[in-house]
Amino acid sequence: MRDDADDIHPLFQGAPRSTEFRKLRKRIVRQAREAVDRYGMVDRDGPRARWLVCLSGGKDSYTLLAVLHELQWRGMLPVDLLACNLDQGQPGFPATVLPEFLEKMQVPHRIEYKDTYSIVTDKVPAGRTFCSLCSRLRRGNLYRIAREEGCAAVVLGHHRDDILETFFMNLFHGGRLATMPPKLVNEEGDLFVFRPLAHVAEADCDRFARAMGYPIIPCDLCGSQDGLQRQQVKQILDGWEARSPGRRQVIFRALMNARPSHLLDLQMFDFAGLSLEPLKSGSNLENVPKLR
């Protein structure tokens, strides 16, 4: 890792020199690089792309920003990065924190003000959570900004735990096996959405951002509401992890090891086509994993 003051991006100046922090930083950078490569986020044969890196001011987005610049700095991420914060008009939001931070860190950026807070509080009935409408409005504005800036991708700071929680929310409340994919195309088909921290644990993001002393801004819009489905799922996962350390990572590996022939979705596997005839070349029985 680059630790000399003259050979480091400003985002990493003043980093702790402890062995523990060096290992943490190395692990996060490695996991982000693995996700970028595994899910084909960079077209290394095409023209140089520009990414809109979404910065909320939370620990995850700071980690995302730092890691992407680390990879770019080391020549491992041949893209141009533009940091973007969408100020949604929340009362008491410290509007000067992120612009001052990004200027100090010499990070190209765009700060956009759009009062979606008033829309959310007006449209959502009392007692209901704001997250769904808030995220839709935020995403629509980020897509618009990406197009205006000539970006090919909107890059988000969702980490491994966000992906796990979304999986269980869909399982418990949506009746489907689905989660946040590390790479997708928006509904209009003109932008990618990337999640380079897909393999990174939330606890590592928290330790990293706090160790670096980044000015973390809490989300008071949804974070202050009780009874959110995501918080309930997080508590379940925390309980499992406490009783069986490593449980989150085991579940995450399962998401990368799906077996359609051992589920019940007729659109993913041709159950009706199964037969007891001897295996023939091209038969779907050839692709059925052995039960263990």
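This is a predicted model: local features need pLDDT of at least 70, side-chain atom pairs count only at pLDDT 80 or more; totals for chains, interfaces and linings use all residues.

Visitor: Is Asn186 buried or exposed?
Guide: Buried means under 20% relative accessible area, exposed over 50%, and partly exposed in between (1.4 Å probe, protein chains only). Asn186 has 5% relative accessibility, so Asn186 counts as buried.

Visitor: With which side chain does the side chain of Asn186 make a polar contact?
Guide: A polar contact is a pair of N or O atoms within 3.5 Å; within protein, one must be able to donate a hydrogen and the other to accept it, and residues adjacent in sequence count only if both atoms are side-chain atoms. At 2.8 Å, the partner of Asn186 is the side chain of Asp190.

Visitor: How many bridges join E5 to E6?
Guide: Two strands pair if DSSP finds at least two bridges between them. In one of the bridges here, Lys183 is partnered with Phe194 in E6. E5 and E6 run antiparallel, and the number of bridges joining them is three.

Visitor: Which strands stand at the edges of the sheet?
Guide: The open sheet has six strands in the order E3-E2-E1-E4-E6-E5, with mixed pairing. Two strands have a single partner each, so one side of each is left without a neighbour in the sheet: these are E3 (109-113) and E5.

Visitor: How far apart are the end C-alpha atoms of helix H1?
Guide: The expected span of a helix is 1.5 Å times one less than its number of residues. Helix H1 (residues 19-38) has 20 residues, so it should span 28 Å; the distance between its end C-alpha atoms agrees, at 28 Å.

Visitor: Which helices do the buried residues of H1 pack against?
Guide: Among the buried residues of H1 are Phe21, Leu24 and Ile28. The face turned away from the buried side carries the exposed Thr19, Lys23, Lys26 and Arg38. The buried residues pack against helix H2 (59-73) and helix H7 (202-212).

Terms used
Residues are numbered from 1 along each chain as its sequence is written. Side-chain values use heavy atoms; hydrogens and water are left out. Helices (H or I, at least four residues) and strands (E, at least two) are DSSP runs, numbered from the N terminus. Contact means heavy atoms within 4.5 Å.
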